[in-house]
Amino acid sequence: MCAILDNSTRDEVFGNAPTDRGRHFYEWINQGQGRLAIGGTKLREELGGSTQQPGSVNFRRWLPTAIRRGLVTQPDDDEAVNEAASDLEARGICQSDDAHVLALAQDTGARLLYSNDDALRTDFTNRTIIDGVRGKIYPTTDYREFLNDRRNRRLCSRR
């Protein structure tokens, strides 16, 4: 299963004081039960963030090792993700300002989103934007059961 971590929840996972569900999400990825989809110029910049933000520093430390361990799914071409994001923006079908996240989902097949952005969450489950397997949102309750549910294993259709 592939998941996308939105910048709005990065510190819940990689901050100095992660939340319970953020810690569980991290363990789920770090133990190889799922993969984190990362790609497109804007999302890479957002997640890397400034050196003043603890979550961005922790994320930048974790990422190279995670890539080597096969815990990360990346698009074949970041520019293709950037172009798809521009296309979504030009079509004007998104409620959110996160076309880059939606384009990454289209490219990688990631169908699980960890985000607190309501508009992005709505876009992510919109079949006009993301076709095929319907996108799911990492929930605030019952998150342990959600990640371990066998029915959710097909949430990464590309790889």
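Is Trp 62 buried or exposed?

## Burial of the aromatic residues

Trp 62 is buried, its relative accessible area being 10%; buried denotes under 20% relative accessible area, exposed over 50% and partly exposed the range in between, with a 1.4 Å probe and protein chains only. Phe 14 also counts as buried, at 6% relative accessibility. Tyr 26, at 27%, is partly exposed.

## Basis of the model

The model is predicted: local features require pLDDT of at least 70 and side-chain atom pairs pLDDT 80 or more, whereas totals for chains, interfaces and linings use all residues. Residues are numbered from 1 along each chain as its sequence is written, and side-chain values use heavy atoms, without hydrogens and water.

## Aromatic pairs

The structure contains 9 aromatic pairs, a pair being two rings of Phe, Tyr or Trp (its six-membered ring) with centres within 6.5 Å; planes under 30 degrees apart are stacked, over 60 edge-to-face and the rest tilted. Phe 14 and Tyr 26 form an edge-to-face pair, because their ring planes stand at 90°, with centres 5.7 Å apart. Phe 14 belongs to helix α1 (residues 10-14) and Tyr 26 to helix α2 (residues 20-30), so this pair ties together parts 12 residues apart in sequence. Helices are DSSP runs (H or I, at least four residues), numbered from the N terminus.

Tyr 26 also pairs with Trp 62: the centres lie 6.2 Å apart and the planes at 55°, so the pair is tilted.

## Cluster

Phe 14, Tyr 26, Phe 59 and Trp 62 form one aromatic cluster.

Methods. Helices (H or I, at least four residues) and strands (E, at least two) are DSSP runs, numbered from the N terminus.
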